[in-house]
Amino acid sequence: MTPTLRTERLLLEPYIPEDEEGFVALFQDTRVSQWMGDGPACEAADRALFRRIFTKVYAQDLFDVWAVRRNGLLVGHAEIKPTDAVAGHEIVYALAPTVWGSGLGTELAEAIVAYGFDNLGLTKVHATVAAPNEASLTLLDRIGFEHVRDIKEDDGSTTRVLVRRPTAIGKAPLARQGRTNRCL
């Protein structure tokens with residue numbers, strides 16, 4: 001079961017059914033969805049994705065998926081999941097454009113990474129990022145991710161594969177209160 005995590009300014013907790021409209025709004029914003037999975041999807045697909053979080057991911061305890069809240073408002077999405085693309089676990093995160101530039105992306109990514117190391121016992125955590133997504137690449141570089149390789153996608157685009165290993169510095173403090181993608 002997905003746990004609740006806290007950072008200085010964020011609360012990461014399992015989604016509840018009432019989050020559907022906020023989830024759909026986040027993924028329907030093309031500034032966000034252009035970087036997620038296969039890119040923007042129709043509203044019906046995003047609603048189906050939200051339902052699969054409950055009927056598949058949470059029901060089968062497949063991996064951890066969080067609603068990201070600040071001051072009680074849904075401002076993002078986060079997950080850490082095993083994936084064949086990196087033969088390990090990768091982090092996935094998205095924030096609403098209204099909170100971009102506030103440092104919350106760094107706080108969120110650090111929290112998910114720390115959870116992977118501290119709670120899942122991982123020895124490395126991956127991220128896969130579209131090569132043109134300079135904001136995420138810069139953020140991940142700043143918190144200690146290193147570029148390992150590129151994947152050439154079928155559409156000709158490039159995805160960067162990054163990895164981070166545990167370090168003594170740079171860990172985000174977390175408070176665990178219980179246990180719990182764009183591509184489900």
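Strands S3 (64-70) and S4 (73-83) pair in the antiparallel sense over seven bridges. Here strands (E, at least two residues) and helices (H or I, at least four) are DSSP runs, numbered from the N terminus, and two strands pair if DSSP finds at least two bridges between them. The model is a predicted one, in which local features need pLDDT of at least 70 and side-chain atom pairs count only at pLDDT 80 or more, while totals for chains, interfaces and linings use all residues. Residues are numbered from 1 along each chain as its sequence is written, and side-chain values use heavy atoms, with hydrogens and water left out.

Within S4, His-77 is the bridge partner of Ala-67. The hairpin of S3 and S4 has two residues between the strands, and Asn-71 takes a positive phi near 55 degrees in it. S4 also pairs with S5, in the antiparallel sense and over eight bridges; in S5, Tyr-93 is the bridge partner of Ala-78. Four residues separate the strands in the hairpin of S4 and S5, where Ala-87 has a positive phi near 50 degrees.

S4 is mostly covered, with eight of its eleven residues buried; buried means under 20% relative accessible area, exposed over 50%, and partly exposed in between (1.4 Å probe, protein chains only). Glu-79 is found in this strand and, at 0% relative accessibility, counts as buried. The C-alpha atoms of Glu-79 and Val-65 are separated by 4.3 Å, although the two residues are 14 apart along the chain.

Helix H3 (residues 43-58) leads back to these strands, for its buried residues pack against H1, S3 and S4. The buried residues of H3 are Asp-46, Arg-47, Leu-49, Phe-50, Ile-53, Val-57 and Tyr-58. The expected span of a helix is 1.5 Å times one less than its number of residues; for the 16 residues of H3 this gives 22 Å, and the end C-alpha atoms are 22 Å apart, which agrees.

The structure holds seven aromatic pairs, where rings of Phe, Tyr and Trp (its six-membered ring) pair if their centres lie within 6.5 Å, and planes under 30 degrees apart count as stacked, over 60 as edge-to-face and the rest as tilted. One of the pairs is that of Phe-23 and Phe-50, which is tilted, with 5.1 Å centre to centre and 50 degrees between the planes. Because Phe-23 lies in helix H1 (residues 20-28) and Phe-50 in H3, this pair ties together parts that are 27 residues apart in sequence. Phe-23 counts as buried at 0% relative accessibility, and Phe-50 counts as buried at 2%. The rings of Phe-54 and Tyr-58 have their centres 5.6 Å apart and their planes at 85 degrees, so this pair is edge-to-face. Both residues lie in H3, four residues apart, about one turn of the helix. Phe-54, at 25% relative accessibility, counts as partly exposed. Tyr-15, Phe-23, Phe-27, Phe-50, Phe-54 and Tyr-58 form one aromatic cluster.

The largest nonpolar core has 29 residues, and those with the most contacts inside it are Leu-12, Ile-91, Leu-108, Ile-112, Leu-140 and Phe-145. Such a core is a set of buried Ala, Val, Leu, Ile, Met, Phe, Trp, Tyr and Cys residues joined through side-chain atoms within 4.5 Å. The elements that give two or more residues to it include S3, S4, S5 (88-95), H4 (104-118), S6 (125-130) and H5 (134-142). H4 gives the most, with seven residues. Apart from this core lies another, of 18 residues, among them Val-24, Leu-26, Leu-49 and Phe-63.

Leaving aside neighbours within four places in sequence, Phe-145 is in contact (heavy atoms within 4.5 Å) with residues including Ile-91, Val-113, Ala-127, Leu-140 and Leu-162. Ala-127 stands opposite Leu-162 in S8, and six bridges join S6 to S8, which run antiparallel. Strand S8 (residues 158-164) is mostly covered, six of its seven residues being buried. Strand S7 (residues 146-152) also pairs with S8, in the antiparallel sense over six bridges, and Ile-151 stands opposite Thr-159 in S8. The hairpin of S7 and S8 has five residues between the strands, and in it Gly-156 takes a positive phi near 95 degrees.
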